[in-house]
Structures are given as C-alpha cells and as structure tokens.
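I opened the model to look up the ligand site, then the aromatic pairs. My entries follow.

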Amino acid sequence: MSHNFDLLLYNIGQLLTMDVGTEPVRGKQMQKLEVLEHAAVGIKDGKVTWIGSNEEVVQATSVITAKEKMDCQGKLVTPGLVDPHTHLVFGGSREHELALKQAGVPYLDILKQGGGILSTVKMTRETSEEELVKKATFHLDRMHSYGITTVEAKSGYGLDWETELKQLRVVKKLQKSHTMDIISTFLGAHAIPQEYKERPDDFLTSMLELLGQIQEEDLAQFVDIFCETGVFSIEQSRKFLSQAKEKGFELKIHADEIDPLGGAELAAELGARSADHLVGTSDEGIKRLAEEGVVACLLPGTSFYLGKPTPARARDMLEADAIVALATDFNPGSCPTENLQFIMTLAALQLRMTPEEIWYAVTVNAAHAIGVGAERGQIAFQRSADIVLWDAPNYLYIPYHYAVNHTNTVIKDGKIVYRRRQA
Ligand SMILES: N=CN[C@@H](CCC(=O)O)C(=O)O
Ligand SMILES: [Zn+2]
C-alpha cells in the first residue's frame, strides 16, 4: 500500500502513542505504558493516518513518500500535552505578593485583605478586551513552546457581568485566532467582590443570571466554583453548581485546595467532570471520586508556589483507582507558570507519581478532564495530529531533567507551531 503524507516523522527512538481508545485510564492501569521503539508516524490533512516502523520507511521509500520529512534523530515523540486547568485570561500581575508570601502571609489572608484574586479582578476590569487578547496570545504561544496543544481557560477575574463576559469573549476570539485548542470555563464564582462583601448569596445569584447569556453566545462548556473557607461554602457551592447543571453545563470545582471542606464529595454527588486541587481531600472524598469517575485534577505547582507542606494524596487516589490528571493551574497569584513539564517533575518528586502515570495524567486523562478525551491526548489513527518531538532520549527524561524546556518541535493539527531555534 502506498502512502503520500503531508508530513512524515521517521527515525523516532521512542514513540508514546497513548492510544487507549476513548476511555480515561484509572489508577493501577496508569502503570502500563506502551512504548514503540524505532517508529514512524505519517500525517495527512492534519490527521494521523499511519503509525509504523522506521524499517518500513527505510525499506519502502518508493511507496512511502511525503511533502515534508522530519528525521527525529532517535528521540522521543509523544502526543501534544493537555493542560486542563488554567486561568489564562487576566490583566496585570502580582509579583509584589511574593514578598508577602516570603513573610509568611497566608494566601487566604491576602485575599481577605482585598489582595490576591481581588487585585487581579481590579486589573482585569481595567484592561481592554483587545489588550487581554494580546496578553493571552502571548501566554498561549509560550504554552505551545512547552509542548501544550490543548488547554482549558477559565474566567473569574471579572466578578461582574461586564468583565466576566469580556473574559469569556476573549477566549472565544482566541478559539478562532489561535492554533491552540481552548476549552472555556465560567468561574464567575471565583471570589466575593468588595461590592458584595456582606451579600455573598446575592453575588452568586447575579452570577447565575449570566448563564443564559453565556449559553446564547456559546461562551463556556463548564461552570466552576472556588469552594473554600472564606470564599464559597459547600452549601453555596452545591446550590450554585446544581443550578448550572440544570441549565446543561458540565461542572468543575476548585475543591479542598487549602481547607478540607468536602469539595471532592460534592463533585462526586453532582457528577462533576473534574475536581481540582484536592490537597486536603479525605479518604471518603477519594473513594467517592473514584466511584463516580470524576477526574482528580492535581495541581502540584500551586502547592509548590504556596509553600504547602503536604501535597495532594496522589498515591492514595491511584490506589483507589481514581482517574488522575495534572495541570499547571496557570494564574497570576497561586501558580504563575505555563511550564507543564515542570509540573511533571513536581508530580514525580512531590506526588510520587511514576513517569508512566505522569504521562497519562498530562495527555489522556487531562483531555478527559475537559471533555475532549475522544479527540485529544493520543497519537492514534484518524485523530488530529497533535504531536511533540522532544530533545530527549526517552519518556523518563522529561520529569527527570527539570525546569528547562525540552521541546524540539510542536505540531498542532498536522502543522508545525513551534520549532526550537537551531544554533
Ligand atoms: N484558588 C483559586 N483560584 C486559583 C488562584 C487564583 C489566584 O490566586 O489568582 C487557584 O486555582 O489556585
Ligand atoms: Zn485554579
């Protein structure tokens, strides 16, 4: 059979296809990783149309042709990474808070004093839609350079109708203008704005009134809430998310990030797609997440940056056969980094996840955490060609050699969107 590809990747030292079909991978199954040695991948019309051996390429040069050929020099090739939890769209930055953190001022105290999220809210309200598009485009370009080809992006720095819609419309514009696949989440329930300080329930009601407009303009697939001490309680979160679910939205929840309020149990009760953070989650919460197939989306970069001594209980979640994913939690306050590769290292060192588990957590399960598990996170026949060639000899190397960028070439829907500058 002859092939005429648009792009042929050959001489691949190690290929991780992560080709597990359309279901997420649970717990103990995350240990089993298929590695193809000396492989090749053919791409046509933006899709993966052939996966074979390098031998076949060498032997059959006459019947395997391509407009462009990429010699992968015996290096690692994997699916494009998926980042299922980011606060991509925001104005300004919060580097001044670093000194407060160093002085030991707790994250929730900074928020209580009107800083933290609320200071980003002020800056985002003051930033134009065009400026927000430009700034988020810069971050998306950087994410591509780190090997990320699909991301989730939340609102939550407006906390009023105008600015929440502004953020979501920025995401909608980026879905059209940028090569990155972006899944949108409404996080209007991110914090209580000053103007509603004494009336949090009225604030949540006003955010719920936005849902109709969000649906009408198709601005978000998910609705999320920050369920945390001093922000929104379990009861408030249950009421808010239940009403969003009734309107047809899929659910996410910032759960048990700092205090173990039982956000994981609530996520299971409501059939959320994912529960995120989970640093303080109880045995019961872990059990319920696994039972209901809620993706446990862990954010070790946030624990690292906030200097939290105890990491999320990843090993107990894996033991309980939960579906575990990883994300950056990229945001200006608790995790200002787009580098998902560094998150992979933190998952190894702090969460004690194995390299095999980590690779499922940044591809297949990350895609399931944002509802695109059937389309993204794998190199498989007729799937979009979202592929990374790494300057690495094998898949162990990425979490091991840390705080640098290992990408050589990043391919999105069959097109090269990033190539490391060759000296
Ligand atoms: N905890 C709430 N939201 C973000 C932090 C947002 C911020 O600090 O600006 C998080 O997931 O950590
Ligand atoms: Zn977050």
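I began with the polar contacts of the ligand, a polar contact being a pair of N or O atoms within 3.5 Å. A nitrogen atom of ligand 1 lies 2.7 Å from an N or O atom in the side chain of H190. For E257, I also read 2.7 Å between a side-chain N or O atom and a nitrogen atom of ligand 1. The side chain of D329 has an N or O atom 2.9 Å from an oxygen atom of ligand 1. I then looked up the cover: the protein takes up 100% of the 320 Å² of accessible area that ligand 1 has on its own (Shrake-Rupley method, 1.4 Å probe).

Notes on the source: this is a predicted model, where local features need pLDDT of at least 70 and side-chain atom pairs count only at pLDDT 80 or more, while totals for chains, interfaces and linings use all residues. Residues are numbered from 1 along each chain as its sequence is written, chains are lettered from A and ligands numbered from 1 in the order in which they are written, and side-chain values use heavy atoms, with hydrogens and water left out.

Next I listed the shell. Around ligand 1 there are 16 residues (a heavy atom within 4 Å), and R94, Y107, Y157, E257 and S334 are the closest. I sorted the shell by class and got four nonpolar, nine polar and three charged residues (Asp, Glu, Lys and Arg count as charged; Gly is among the polar ones).

Last, I searched the whole structure for aromatic pairs and found eight (ring centres within 6.5 Å). The F5 and W50 rings have centres 5.8 Å apart and planes at 25°, so this pair is stacked (planes under 30 degrees apart). F5 is in strand β1 (residues 3-15) and W50 in strand β3 (residues 47-53), so the pair links parts of the chain 45 residues apart (strands are DSSP runs of E, at least two residues).

Terms used: A polar contact is a pair of N or O atoms within 3.5 Å; within protein, one must be able to donate a hydrogen and the other to accept it, and residues adjacent in sequence count only if both atoms are side-chain atoms. Rings of Phe, Tyr and Trp (its six-membered ring) pair if their centres lie within 6.5 Å; planes under 30 degrees apart count as stacked, over 60 as edge-to-face and the rest as tilted. Helices (H or I, at least four residues) and strands (E, at least two) are DSSP runs, numbered from the N terminus.
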